[in-house]
Amino acid sequence: MTNVLLEKLENRSAVIGVVGLGYVGLPLAVEKAKAGFRVIGFDVLKHRVDEVNQGINYIGDVVDEELKELVASGKIMATTDYSKIGEVDAVAICVPTPLDKYQQPDVSYVESSSKDIAKYLHSGMLVVLESTTYPGTTEEVVGPILEATGLKIGQDFYLAYSPERVDPGNKTFNTKNTPKVVGGVTADCTKVAAAMYRAVLEGEVHEVSSPKVAEMEKIFENTFRNINIGLANEMAILCHKMGIDIWEVIDAAKTKPYGFMAFYPGPGLGGHCIPIDPFYLTWKAREYNYHTRLIECSGEINNAMPEFVVDRSMKILNRYGKALAGSKVLVLGVAYKKDIDDMRESPVLPILELLELYKADVEVVDPHVPSFRFSHSADAKTVETVELTAERLQNADLVLLTTDHSAFDYELIARESKVIFDTRNAFKGVGISTSDIQADYEKL
């Protein structure tokens with residue numbers, strides 16, 4: 001059985017499914033199709049399926065023309081019909097794993113996808129979970145659902161975990177060239193899953209001993225970043241109180257060629273992974289009567305940054321005898337990081353909610369986001385972003401720079417604004433020194 005699937009993967013005759021066509025799933029489907037496989041994408045959102053089948057790209061890391069060509073050639077098709085799982089030799093689960101309102105993992109999408117796959121699971125098939133989750137999910141959640149069919153892992157089908165590594169907007173590393181970690185339930189599961197990724201990707205495929213190791217590895221990656229950003233944010237708060245430029249401190253520290261890695265402060269954490277993944281681990285740790293103090297402390301610091309930014313904004317306006325209530329605040333950037341339209345967990349949203357709570361008169365500029373909603377609820381407020389103009393800058397009592405998009409005209413901002421609060425040290429990034437800024441200028 002193993003040799004049959006390995007041969008199909010080697011000669012590209014295997015049909016590969018991808019469940020979930022979002023930021024992880026669609027780029028993965030495209031790379032698999034580019035490698036010569038026929039790919040079937042599955043999604044519960046009909047509009048997303050329709051867009052894929054029309055060759056319409058909605059993910060920044062996918063090249064428009066590549067998707068069109070792959071769809072036109074029949075290498076990729078999308079469907080809401082999960083019965084087509086029966087046609088695939090291997091399937092990757094790339095669905096959301098959010099936190100609920102109690103900061104506990106919500107694996108309902110993983111469970112429902114596993115149940116859909118189980119209906120059409122067949123002998124010799126490979127199932128790989130890619131969604132970020134707590135250690136044990138593959139074997140404790142996905143495995144039992146699939147084995148309820150009567151088929152056994154390692155005997156009748158293969159099950160593995162391989163964490164997604166997607167960094168939206170990264171110009172150097174993408175799905176194809178980023179190293180991949182793979183951990184199967186059995187040695188054959190690992191072997192087959194690794195073979196699939198080696199047939200598709202250029203980066204190293206690193207095999208580990210179990211799904212739990214691969215699941216923990218993914219959370220460790222993002223917890224490492226969360227904690228170090230938390231340290232940078234706490235240092236930013238302290239440096240502000242001490243009258244020290246945190247950005248100059250970091251620039252000096254990173255001259256050390258060993259023992260230091262530069263992380264930067266900001267208005268808070270955004271994206272699906274870094275703000276969320278560590279809490280999968282804090283939740284799971286309670287099962288072992290362990291309290292992850294460092295992780296939770298870092299989370300508290302990072303989650304408090306939006307309020308710190310608004311508090312600083314109030315104090316800046318106070319210098320001019322203005323209250324935040326009624327002041328015109330022009331917010332530059334709502335995406336969670338530069339040069340993308342991704343707003344998942346964007347820290348700018350709580351900043352906007354606080355500005356609204358304190359009755360500020362707010363406009364938002366983001367060239368990548370024409371409109372956005374504060375939440376996914378049916379009555380959520382929709383906000384239309386506006387164009388960056390000299391008039392808007394001149395009329396603003398405060399220009400609050402929250403996302404350092406390359407598309408912003410920083411010379412215009414520096415020339416026309418009265419007061420700027422820069423949470424990203426953005427002007428240094430484009431070569432504009434503080435002396436060139438006409439406005440009253442403060443950094444985080």
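Buried means under 20% relative accessible area, exposed means over 50%, and partly exposed lies in between (1.4 Å probe, protein chains only). This is a predicted model: local features need pLDDT of at least 70, side-chain atom pairs count only at pLDDT 80 or more, and totals for chains, interfaces and linings use all residues. Residues are numbered from 1 along each chain as its sequence is written, and side-chain values use heavy atoms, with hydrogens and water left out.

The chain has 15 helices and 15 strands. These are DSSP runs numbered from the N terminus: helices are H or I with at least four residues, strands are E with at least two. The C-alpha atoms fill a box of roughly 75 × 50 × 45 Å along the principal axes. Of the 444 residues, 52% count as buried.

Now take strand β7, residues 180–184. Five of its five residues are buried. In a regular strand the side chains alternate between the two faces of the sheet. Both faces of β7 are covered. Lys180, Val182 and Gly184 are buried on one side, Val181 and Gly183 on the other.

What joins β7 to strand β6? Two bridges do, and the strands run antiparallel. Strands pair if DSSP finds at least two bridges between them. Ala160 has Gly184 in β7 as its bridge partner.

Strand β8 (residues 205–208) is joined to β7 by four bridges, and these two run parallel. Gly183 stands opposite Val208 in β8.
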